[in-house]
Amino acid sequence: MAKKFIDIMDTTFRDGFQSVFGGRVLMNDFFPAVEAAKTAGINHFEFGGGARFQSLYFYLKEDAFEMMDKFRKIVGPDANLQTLARGVNTVMLDTGSKELIDLHAKMFKKHGTTTIRNFDALNDVENLKYSGERISHHGLKHEVVVTMMELPPGCSGAHNVEFYEQTLREILDSGIPYDSICFKDASGTSNPQKVFETISMARKLVGEDTHLRIHTHETAGVSVATYMAALEAGIDGIDLAAAPVSGGTSQPDILTMLHATKGMDFDLGGLEIDKILTYEKELQSCLSDYFMPPEATMVSPIIPFSPMPGGALTANTQMMRDNDILDKFPEVIAAMTEVVEKGGYGTSVTPVSQFYFQQALNNVMQGPWKAIAPGYGKMVLGYFGKTPVAPDPEIVKIASEKLGLEPTTDTALSLADADETKSLQHAIDKLKAEDIEITEENIFIAAACQEKGIAFLKGKGELNVRKISEMKEDCKEGSSMGSGNYTVVVDGQKFSVQVAEGNADIQVTAVNGESAQTSTPAPVASSANATEIKALLPGNVWKLVANPGQSVAEGDVIMILESMKMEIDVVAPRGGVIQSINVATNDKVVEGQVVAVLG
């Protein structure tokens, strides 16, 4: 009897990079490994989409469409190149209009994509209908998804076999065109028995001719057991990665699964151990200079209690490192339990996983439910679709008050279509204002990446890659401070110091007081009733809204900070007159730094 052929998708160059390096790997550094993977006999790759779209523009000064074209050239015309899409969000954290959803499918087809795996984190089938139709319309294979995770202890009402069956039946009844079905567990928390029962259910429901796949991560330590359960239940395809970006927060290693299935009636894509060893050796060489966060290689037994997907975990810890708050990570993970429970049980996968993390971070840094992360708030209010269960009414009330929005039952797509800022014309107008060439690619980049996309297209994108050699060089130069932002302590008082080379101004700002020295001295607070307004989180000044001398009311926004992919409003604690603004746009601020004084 012939062994059952199991299609292996190599996730190394998309989910592997995202899970281990937060997506920050330069294309010319890893292309030799793509060639090695092709030589090893791999013909199905996840090569783009998801967070590996925006990250190229945000951190790498690279064009995702150019990367996709070059990847296709290396592997040839017959390889199945797959990307990840988030339903009405496509490759964005926010929802997109019909125009943007259509353009996403059109551009990804143009730049070498064969298959798009398309999911909705809320398992709201309404969010999959139009996106799935456009994917098929543009000649791409559509892999429709049911997202999975384990609920925190004591929670019920979703994410059991019955819930997944209901979701799958809704997909089948909706008429969404599809070529395959994937069960996606981005946090790797679904227990193997539930996976076995879910895949068995799906196989009975769709028959033997439908291609079923499963995707998981090793984050919670059960990925191999999960895949073995899925194979026993009749799965047709699994996702694997190559070392050093396998295991830990990523997918199980190709070699690990080849070993785990020895002597069984499964043929894992015809792959051979010696060829995979050669491929992994090349990949290790390509990535040898990249700093690997220790948490990327770890299994975390607490993840099932606070489901955090591998692809988001390292991206968030890297941002916490950049903002000098990594020590808060254990508290944030612990705080996610309540955030998930009260948020309606959306699956912890982008963008919902980011909403969970942002809200948990707010609860840790500012106090429980004192501030509502915009994405989390809009989710519980219904702006991203229908959550699996109704969110906690008290949290809905708080979110409505904090964000100034009413709950809605309108579909996410209809809301996006009614938003002029999500139209193609809005993106075109942005390009025209910056004198940037109007192409479909540029329109989509501007729409998907907003200001950072515009900065990239103007040649002003930022390069933020953690390489060991560069970190060592920084240490060597530590005796002479280079340009940048520093926090120093003088006589027990913290100061934020901005340093630039040449004759540029040097700014020194007291963290617990007004500017000690600036290029343009700010007015000194003379009123006995002066109130210092401090940054609650470290980050960068994204936008100044108010000016010195301006009258403001309690709750008025004075400035907006950008921190951890969030826009943080700095508001007036009471009515008064702005006496001084102590920072400038793009300044880096630290927690507790005085950013304005109110008289």
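## Overall organisation

In the protein chain, 73% of the contacts with a separation of 6 or more are made by residues 24 or more positions apart; a contact requires heavy atoms within 4.5 Å. This is a predicted model, in which local features need pLDDT of at least 70 and side-chain atom pairs count only at pLDDT 80 or more, while totals for chains, interfaces and linings use all residues. Residues are numbered from 1 along each chain as its sequence is written, and side-chain values use heavy atoms, with hydrogens and water left out.

The protein chain contains 20 helices and 21 strands. These elements are DSSP runs numbered from the N terminus, with at least four residues (H or I) for a helix and at least two (E) for a strand.

## Burial and cysteines

Of the 599 residues in the protein chain, 57% count as buried, a term for under 20% relative accessible area with a 1.4 Å probe, protein chains only. Cys 182 is buried because its relative accessibility is 0%, and Cys 449 is buried because its value is 3%. The number of disulfides is zero, where a disulfide is a pair of cysteine sulfur atoms within 2.5 Å.

## Helices H2 and H11

The axes of helix H2 (residues 27-39) and helix H11 (residues 273-286) come within 8 Å and cross at roughly 180°. Axes are lines fitted to C-alpha atoms over the stretch in contact, and angles run from 0 to 180 degrees between N-to-C directions. H2 and H11 are therefore roughly antiparallel, the term for angles over 145 degrees.

Among the residues in this contact, Phe 30 and Pro 32 belong to H2, while Tyr 279 and Leu 283 belong to H11.

Key:
Buried < 20%, exposed > 50% of the residue type's maximum accessible area, 1.4 Å probe, protein only. Parallel < 35°, antiparallel > 145°, perpendicular 65-115°, else oblique.
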